[in-house]
Amino acid sequence: MAIAKAERLMNLALCLLGARRPLSKRELRGSIEAYLEAGSDDSFNRMFERDKDDLRELGLVIETVENIEGEVGYLARRDSNRLPAITLDAEEAAALGLAAKVWQQARLAGAASGALQKLRAAGLPEDVDPYGSHGALEPRIPVHEAAFEPLMLACRDRRPVVFDYRKASAAHPETRHVEPWALECWRGHWYLAGFDRERGAERVFRLSRITGKVRARGTGFTAPVPDVVTVRETVRGWAGETADRSALIRLRSGAGYPLRARATKVRELGDGWDELEIPYGHGLDAWLVEFGPDVVVLEPAELRADVVDRLRAVAKG
């Protein structure tokens, strides 16, 4: 159905752009196969009005003209729908080149390369190589999660999704109904921010914990989308990076390198264990649970209790 509608919209746009004079509904219906197949005049009229509104929302300027006989016609003038010439200096071209390189390992690689080719055809200076500038920089954002592409499309199209999500403290995944807002990569992991319908609040999900397929749902959003979605700040807060307190833990030697990197103090205890002092904030308990038997919380007592509760929940399944 989506493909059929896209083809119908494309045919309507081509008819309106290619016409030298305004075309009436009758003429448009006789020129587009999908309109010929409409069961009745009312069905055609509803379909045409929706398509016309959709094209206008996409940016096509459609004029409504009435001739001397009082018949209404439609026309999309080329001069009204032509984008201005694109001019980029060397720095702007270099920035686009770096952005395109970021996606070379993802499914967006073809789209990024194609976009740069179109910019070249639209007037990008011939002496500017967007891939060659700043050649010492080789940015990469790895995308290994199968959920990335369907979630990226759902964010773009403002389409709710359903997926199974396994929390760090749970042995089995739960079904989540989410209105996706934005994706962001932080410290090598991808996160989705959105509105969780069951919980009635904003939530952030780590893509590596999504199991199975991401299923789209046709209904629209029920909650407003924020102007600015602070995925990174939210994850930092949950990870305790904005903490103003400290926690004392025992860590098995040779394990937990992310914890060691954040430690403010490290002391060797012997017998294969070290003692670390690390920043303590909201969400640290969930992170510590991921290291399993390699971590023992010494203090504060509330953090130790939270970690023990999470481990017991996992053990119970």
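**Exercises on strands and cores**

Strand 4 (residues 161-165) and strand 5 (residues 174-186) pair in the antiparallel sense through five bridges; strands are DSSP runs (E, at least two residues) numbered from the N terminus, and two of them pair if DSSP finds at least two bridges between them. The model is predicted, so local features need pLDDT of at least 70 and side-chain atom pairs count only at pLDDT 80 or more, while totals for chains, interfaces and linings use all residues. Residues are numbered from 1 along each chain as its sequence is written, and side-chain values use heavy atoms, with hydrogens and water left out.

**Exercise 1.** Identify the residues that touch the most other members of the largest nonpolar core.

*Solution.* 
Step 1. A nonpolar core is a set of buried Ala, Val, Leu, Ile, Met, Phe, Trp, Tyr and Cys residues joined through side-chain atoms within 4.5 Å. Buried means under 20% relative accessible area (1.4 Å probe, protein chains only).
Step 2. The core has 19 residues, and those touching the most other members are Leu-12, Leu-16, Leu-28, Tyr-35, Phe-48 and Leu-55.
Step 3. Not counting residues up to four places away in sequence, Phe-48 touches Leu-12, Lys-25, Leu-28, Tyr-35 and Tyr-74, where contact means heavy atoms within 4.5 Å.
Step 4. A second, separate core of 17 residues includes Ala-247, Leu-259, Val-295 and Val-297.

Definitions and conventions. Buried < 20%, exposed > 50% of the residue type's maximum accessible area, 1.4 Å probe, protein only. Helix = DSSP H or I, 4+ residues; strand = E, 2+ residues; numbered from the N terminus.
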